[in-house]
Amino acid sequence: MSFRDKVLDALNITKQSINLPVETKFHVTPTTGPVEAGKPYALSKRVLEKEIGNDHKRTLDVLGFQVGTAMHANTSSIKHADGSAFTSVVEAPYPRCSYNTGAGTTADPTVYHDTGFHALKGMYESDNIKLQSMRKSAIPPANLSGTHESTVESVDAHVHSEWPIVLSEQLKLLNEKPYADSLYYHDMKLRFMITGVDNPDNNSSLPKASNHRGLVRMVVLRPLSRRARLRHEGATNTPIVNYGYMANWGTDLFFSRKRMLGGPIAAGIEEDDPFGDVCTTYGLPTEVGTKGLRRAKDEVICQDSSDVHYGHVAPWADMGRDHDLSPFQVMTSPINRKDYMVISDKSFHLDIQHHGVGSQRVENVTIPFRMKARFAGRKAGNPTLPSDAVIGSGTAEAPETPAVPFGDAILSAVTEYDPLNLTSKPVIMFLSMDQKLSIEVEGYTSISEC
């Protein structure tokens, strides 16, 4: 028993904990046939093929998992120094997870898009009763506690709880004690069963001497958040926040000083070109038949002094240029550590007991969090507007009556479920050369009450 457990036991304090499982069923896209949903494994996606001579091809497959729910790109615009419109920028530090564009919430195989990456979840489940009851701000169900809720939008005023029932009091509490509503995240423990499923005898596009044991690279990384700097404007003493843009997965994932524009990264630039020694970041290809992207050598800098990104290089929408790297060169590319923190990076062969199809390996991965994740309490309900409320009217001398009086916003039973201080989510990526992969996943995240 740890010292902490002994102290809690002596004080008769019980701290709940939970192992939150990760997603274990995925959509898969077989070599032939329609998309299949709910499979207990995920299949890699072939993204690159290159001739290597004597009618042989070298291939590259990718299969990845993003912890938590799928993240999306953030698109914004920047202006010239004079305030006129300049161009749009795209911040996409995470890979695009596989998705479908069918109507409703059910997966439609006819419009499913396999990107090679899947959302692993395992960070927070708003429907998990025990996880919700561990929150200080939560209203546990009646079968777990004596407190109860009357409706979805409001909570009985006489409910016995240490948490405020009014929005203004909740905001005061969270300002005084930012970690009043928090959970402790320990580690995420994952196990991957990796199997090679390419059979050269059944796939005429593969050479008979295809990489029998399968060369696989496993990378666990997460995007680095930009450090925010605060300065005060000289004339009015107004505080101004300034920070850089996030990376772009498609063009900023890799960086190597050995991959210069005069080399294979840019087929149209010769070694003696004035820019032949310039090194740029680059990313993964997304489809066989299309090339991966690298950053253009020309930079766009945000020149609008009123923008929070003022003075920083912008990931403008059209900065991607084709690169011509081979599967081996992409496979062995170093991660761009200026924009991504590498938790683990290892290469290995699948087992030596089987050759080609059936070769397998088990990999255990531990992702450390070891932090208090703080939350924003409960959401405000929908109180009835006062009879004299007039929305959209009023002047500086005679302001309008607020639509929702600040002190009258009663908290609902619904909790906010996005952590406020989780800077980024890890990504587990598998790159496989000359071998298609099937991966089974199991694991959980250990979370305890603070």
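Visitor: Is Trp-249 buried or exposed?
Guide: Buried: in this predicted model, Trp-249 has 8% relative accessibility, and the cut-off for buried is under 20%.

Visitor: OK, and how many aromatic pairs turn up in the whole structure?
Guide: A search of the whole structure finds nine aromatic pairs. One of them joins Phe-117 and Trp-249: the ring centres are 5.6 Å apart and the planes sit at 85°, so we call the pair edge-to-face.

Visitor: Which parts of the chain does that pair tie together?
Guide: Phe-117 is in strand β11 (residues 117-121) and Trp-249 is in helix α4 (residues 249-252), so the pair links parts that are 132 residues apart in sequence.

Visitor: What about Phe-117, buried or exposed?
Guide: Phe-117 counts as buried, because its relative accessibility is 4%.

Visitor: Next one: how do the rings of Phe-254 and Tyr-282 sit?
Guide: Their centres are 5.7 Å apart with the planes at 40°, so that pair is tilted. Both residues lie in the loop between α4 and β16 (293-295), so this pair ties together parts 28 residues apart in sequence.

Visitor: And how accessible is Phe-254?
Guide: Phe-254 comes out at 0% relative accessibility, so it counts as buried. Tyr-282 also has a value of 0% and counts as buried.

Visitor: Which residues form an aromatic cluster?
Guide: Phe-26, Phe-65, Phe-192 and Phe-430 form one.

Visitor: Switching to charges: what sits over the ring of Phe-375?
Guide: That would be the charged end of Arg-135, 4.2 Å from the ring's centre. There's also Arg-374, whose charged end sits over the ring of Tyr-179, 5.9 Å from the centre.

Visitor: Where is Arg-217?
Guide: Arg-217 is in strand β13 (residues 215-223).

Visitor: Why does Arg-217 count as buried?
Guide: Because its relative accessibility is 5%, and anything under 20% counts as buried.

Visitor: What does the side chain of Arg-217 have around it?
Guide: One of its polar atoms lies 2.8 Å from the backbone oxygen of Met-331. The backbone oxygen of Ser-333 lies 2.7 Å from a polar atom of the Arg-217 side chain too.

Visitor: Last topic, strands. How many residues of β21 are buried?
Guide: Four of the five residues in strand β21 (residues 411-415) are buried, so the strand is mostly covered.

Visitor: In which sense does β20 pair with β21?
Guide: Antiparallel: strand β20 (residues 378-380) pairs with β21 over two bridges.

How values were computed: Residues are numbered from 1 along each chain as its sequence is written. This is a predicted model: local features need pLDDT of at least 70, side-chain atom pairs count only at pLDDT 80 or more; totals for chains, interfaces and linings use all residues. Side-chain values use heavy atoms; hydrogens and water are left out. Rings of Phe, Tyr and Trp (its six-membered ring) pair if their centres lie within 6.5 Å; planes under 30 degrees apart count as stacked, over 60 as edge-to-face and the rest as tilted. Buried means under 20% relative accessible area, exposed over 50%, partly exposed in between (1.4 Å probe, protein chains only). A charge sits over a ring if NZ of Lys or CZ of Arg is within 6 Å of the ring centre and within 35 degrees of the ring normal. Two strands pair if DSSP finds at least two bridges between them. A polar contact is a pair of N or O atoms within 3.5 Å; within protein, one must be able to donate a hydrogen and the other to accept it, and residues adjacent in sequence count only if both atoms are side-chain atoms.
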